[in-house]
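Thank you for making time for this today.

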Amino acid sequence: QSQVTIVVGQLDLIAHIAGGSSIRASVQNDLLLDASQSHDPDVDPPTPEGLHFSWACVVVFGGVTSPCLDVFGHSLKFNNTAQVVISAFTLPQTFDSPYWFTVTVRDGLKTQASFKMPVFLEADPIPSVSISTDMGFVQPDASVKINARDGVVLNGECSAAEGLLEWSFDPPLVGPPALI
């Protein structure tokens with residue numbers, strides 16, 4: 001007779017703000033900060049994860065870190081939700097230093113996780129372009145891990161009224177992609 005003890009560990013929470021490595025937007029448009037891809041990797045979808053979100057924003061000028069202030073000089077207030085919207089013309093444009101938005105994710109049982117996103121705001125209108133997929137698994141560095149032999153469906157959107165999406169891949173895809 002033998003005895004085996006198996007200890008199963010827990011994975012850390014994953015916090016993530018959609019948008020790649022930085023966001024460039026216009027003060028003329030609402031700014032959506034989306035942390036809905038944050039998750040507990042130990043909970044299988046679609047089970048509700050019970051995550052709690054908190055948001056913060058700072059800006060660094062001349063080596064001094066300060067809270068983000070709106071155009072009237074008031075500190076930003078955030079809802080504790082997975083997505084927050086900063087209304088158009090709320091924040092002044094950035095020049096040399098971005099706004100640093102941080103989402104912190106908690107579930108009450110595990111150590112919290114945070115993700116920081118630099119956001120650059122310009123005075124002129126900027127069309128937004130997004131690429132997304134519902135496939136794979138979002139990694140802590142915001143990349144998406146997809147199994148090598150799985151197909152991939154990418155979705156693209158452009159906010160410009162006359163925007164046109166043209167796809168290219170680097171490195172080039174091997175074989176013909178099935179675009180729909």
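Predicted model: local features only at pLDDT ≥ 70, side-chain atom pairs only at ≥ 80, totals over all residues.

Let me begin with Cys68, which is buried, with a relative accessible area of 1%. Cys68 is joined by a disulfide to Cys57, with the two sulfur atoms 1.9 Å apart, and a search of the whole structure finds 1 disulfide. For those who are new to the term, a disulfide is a covalent bond between the sulfur atoms of two cysteines. Here the link brings together distant parts of the chain, since Cys57 sits in strand β3, residues 52–61, while Cys68 sits in the loop between β4 and β5, 11 residues apart. The angle about the S-S bond is -65°, and the link of Cys57 and Cys68 is left-handed. Cys57 is buried as well, with a relative accessible area of 9%, whereas another cysteine, Cys158, counts as partly exposed at 27%.

Let us turn to the nonpolar interior. In soluble globular proteins, nonpolar side chains tend to be buried together. In this model the largest nonpolar core has 30 residues, and those with the most contacts inside it are Leu33, Trp55, Tyr99, Phe101, Val103 and Val119. The elements that each give two or more residues to this core are β1, β2, β3, β5, β6 and β7, and β7 gives the most, with 5 residues.

How are the rings of Phe78 and Phe101 arranged? Their centres are 6.2 Å apart and their planes stand at 85°, so this pair is edge-to-face. Phe78 lies in the loop between β4 and β5, and Phe101 in strand β6, residues 99–106, so the pair ties together parts that are 23 residues apart in sequence. The rings of Tyr99 and Phe101, by contrast, have their centres 6.4 Å apart and their planes at 55°, so that pair is tilted. Taken together, Phe78, Tyr99 and Phe101 form one aromatic cluster. Tyr99 counts as buried at 5% relative accessibility, and Phe101 counts as buried at 0%.

Now for the charged side chains. Side chains of opposite charge can pair when their charged atoms come close, and a search of the whole structure finds 3 salt bridges. In one of them, Glu122 meets Arg24, at 2.6 Å from N to O. Glu122 lies in strand β7 and Arg24 in strand β1, so this pair ties together parts that are 98 residues apart in sequence. Glu122 counts as partly exposed at 28% relative accessibility, while Arg24 counts as exposed at 54%.

Lys110 takes part in a salt bridge with Asp40, at 2.6 Å from N to O, and both of these residues are buried. Lys110 also forms a salt bridge with Asp42, where the closest N and O atoms are 2.5 Å apart. Lys110 is in the loop between β6 and β7, and Asp42 is in the loop between β2 and β3, 68 residues apart. Through shared partners, Asp40, Asp42 and Lys110 are joined into one network.

Finally, let us look at the surface. A nonpolar patch there, with about 850 Å² of accessible area together, includes Val129, Trp167 and Phe169. Phe169 is found in the segment after β11 and is partly exposed, with a relative accessible area of 32%.

Definitions and conventions
Residues numbered from 1 in each chain as written. Heavy atoms only, no water. Phe/Tyr/Trp six-rings, centres within 6.5 Å; stacked < 30°, edge-to-face > 60°. Helix = DSSP H or I, 4+ residues; strand = E, 2+ residues; numbered from the N terminus. Buried < 20%, exposed > 50% of the residue type's maximum accessible area, 1.4 Å probe, protein only. Disulfide = S-S within 2.5 Å. Patch = residues over 30% accessible without salt bridge, like charges linked within 9 Å, V, L, I, M, F, W, Y side chains within 5 Å. Areas by Shrake-Rupley, 256 points an atom, 1.4 Å probe, with all protein chains shown as cover. Salt bridge = Lys/Arg side-chain N within 4 Å of Asp/Glu carboxyl O. Core = buried A, V, L, I, M, F, W, Y, C linked by side-chain atoms within 4.5 Å.
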